[in-house]
Amino acid sequence: MQRRSFAAAALALGASLPGLARAQAEPFKIGLILPMTGPFASTGRQIDAAVKLYLSEHGDKAGGRKIEVLLRDDAGRPDQTRQIAQEMIVNDKVAVIAGFGITPSALAVGPVATQARVPAVIMAAATSNIVSKSPFFVRTSYTLPQTATTMADWAAKNKLKKIVTLVSDYGPGLDAEKSFRDRLLLDGGQVMGQLRVPMANPDFAPYLQKVRDLAPDAVFVFIPSGPAVALMKQFTERGLDQAGIKLIGDGGVTDDDTLNEMGNTAVGVVTAFHYSAAHPSATNRKFVAAFMAANKGMRPNFMAVGGYDGMRVICTALEATHGKGTGEALVAAMKGQLFESPRGPVLIDAQTRDIVQDIYVRRVERRDGQLWNVEFDVNKGVKDSVKAD
Ligand code: PHB
């Protein structure tokens with residue numbers, strides 16, 4: 001019925017019906033570029049699974065088009081990300097690119113997206129300034145200033161005033177370091193030292209030793225999803241918990257993907273983050289149960305939610321544009337989307353194309369033999385606070 005009236009309208013406008021029908025019938029291709037191998041492979045595994053779950057739950061059609069996801073592995077290498085993005089746009093004719101496990105990968109596709117006028121949905125990377133680098137970027141993950149400022153406020157309120165920061169030495173780590181420090185100073189606290197560890201496969205031991213020597217009230221940590229188990233192990237081995245130094249941080253430190261492997265050291269660790277698998281909403285309970293059932297018991301983490309919501313944002317935009325799907329129209333239809341995610345309510349800011357969301361303060365607790373990030377406080381509707389280079 002709908003199709004017939006659309007065809008009639010098209011004919012009345014003098015358009016070529018066979019041409020139009022063909023364009024409508026063609027699948028809508030999404031190029032999903034993720035680290036499926038290398039140090040950030042857990043991010044690829046989580047997002048890939050979430051994208052598949054979204055399509056299995058919502059069907060593989062939107063705006064009258066069949067959705068086809070083409071997955072390619074960039075191994076977390078930005079030169080690869082850029083080359084794959086180009087190939088997918090030129091050869092495979094993808095209408096959207098998405099994924100990007102780390103900041104350098106997202107930054108590498110910015111100029112490609114701008115030139116080809118193809119939306120690029122950031123499902124993982126979290127450095128503040130990425131979205132400002134192309135008008136075709138839209139973000140469904142989070143930003144470090146969102147979590148680090150929330151953590152600084154909590155620390156100061158809870159008498160953790162002398163703090164050492166320990167961050168991964170690249171975009172999101174530097175954002176975390178700066179926004180945590182600025183807010184802690186405002187709150188009357190003090191940063192006693194700023195340590196930076198290499199981005200991939202870091203050995204935390206010497207840095208943790210340094211933290212121990214500085215004897216702060218707490219160490220604030222940002223590391224990308226992946227090496228959290230190693231950090232936790234070395235934290236205990238170096239005796240920081242014995243020395244009474246609290247571990248606080250961005251929620252990647254108690255990553256739901258590996259939290260159960262961390263053992264007792266993780267219990268009591270407080271972090272600020274946008275997603276916990278223990279988030280007590282009906283939407284999240286349903287999401288976690290479905291994700292685990294489809295993936296041999298793997299627990300979804302924040303990367304999965306970034307991927308799941310990214311698919312929602314893309315499919316909703318395709319629906320709103322009635323399957324036409326030009327780059328500009330899709331981005332326009334992504335702006336201002338407001339919906340309930342498994343993490344809680346989220347908004348794609350119409351001005352910045354960045355995500356606005358609640359940031360929770362959580363403590364690791366053991367419940368029924370498993371470790372969970374249990375949310376106990378919330379900072380509502382947090383926008384990113386830094387956009388400069
Ligand atoms: C990033 O590179 O932006 C990034 C990667 C993993 C995280 C957070 C940020 O967990």
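The model is a predicted one, and the protein in it is divided into domain 1, made of 23–142 + 280–353, and domain 2, made of 145–273 + 359–388. Taken over C-alpha atoms, the centres of domain 1 and domain 2 are separated by 27 Å.

Across the boundary, 27 residues of domain 1 are in contact with 32 residues of domain 2. About 2100 Å² of area is buried between domain 1 and domain 2, and carbon and sulfur atoms give 55% of that area. On the side of domain 1, the residues that lose the most area to domain 2 are Ser128, Tyr142 and Arg299, which together account for 34% of what that side buries.

## Helix 11 with helix 12

Two packed helices are described by the angle between their axes and the distance between the axes. Helix 11 (residues 302–320) and helix 12 (residues 327–334) have axes that come within 8 Å and cross at roughly 115 degrees, which means that helix 11 is roughly perpendicular to helix 12. The crossing in which helix 11 passes helix 12 is right-handed.

Helix 11 contributes Val313, Ile314, Ala317, Leu318 and Ala320 to this contact, while helix 12 contributes Leu330, Ala333 and Met334. Sorted by class, the contact of helix 11 with helix 12 has 8 nonpolar residues, no polar residues and no charged residues.

## Helix 3 with helix 11

Helix 11 also packs with helix 3 (residues 41–58), at an angle of about 40 degrees and with the axes 7 Å apart, so helix 3 is oblique to helix 11. Helix 3 passes helix 11 in a crossing that is right-handed.

Among the residues that make the contact are Ile47, Ala50, Val51 and Tyr54 of helix 3, together with Met303, Gly307, Tyr308 and Arg312 of helix 11. By class, the contact of helix 3 with helix 11 has 11 nonpolar, 4 polar and 2 charged residues.

## Helix 6 with helix 7

The axes of helix 6 (residues 144–157) and helix 7 (residues 171–186) cross at roughly 35 degrees and come within 8 Å of each other. The crossing of helix 6 past helix 7 is right-handed.

The residues making this contact include Pro145, Ala148, Ala152 and Asp153 of helix 6, and Pro172, Asp175, Phe180 and Arg183 of helix 7. In the contact of helix 6 with helix 7, the residues divide into 10 nonpolar, 2 polar and 3 charged.

Definitions and conventions:
Residues numbered from 1 in each chain as written. Predicted model: local features only at pLDDT ≥ 70, side-chain atom pairs only at ≥ 80, totals over all residues. Heavy atoms only, no water. Axes fitted to C-alpha atoms, helices over the stretch in contact; angles between N-to-C directions. Helix = DSSP H or I, 4+ residues; strand = E, 2+ residues; numbered from the N terminus. Parallel < 35°, antiparallel > 145°, perpendicular 65-115°, else oblique. Left-handed = near helix turned anticlockwise from the far one by under 90°. Contact = heavy atoms within 4.5 Å. Nonpolar A, V, L, I, M, F, W, Y, C, P; charged D, E, K, R; others polar. Domains from an automatic or database assignment. Buried area = accessible area lost by both parts, 1.4 Å probe.
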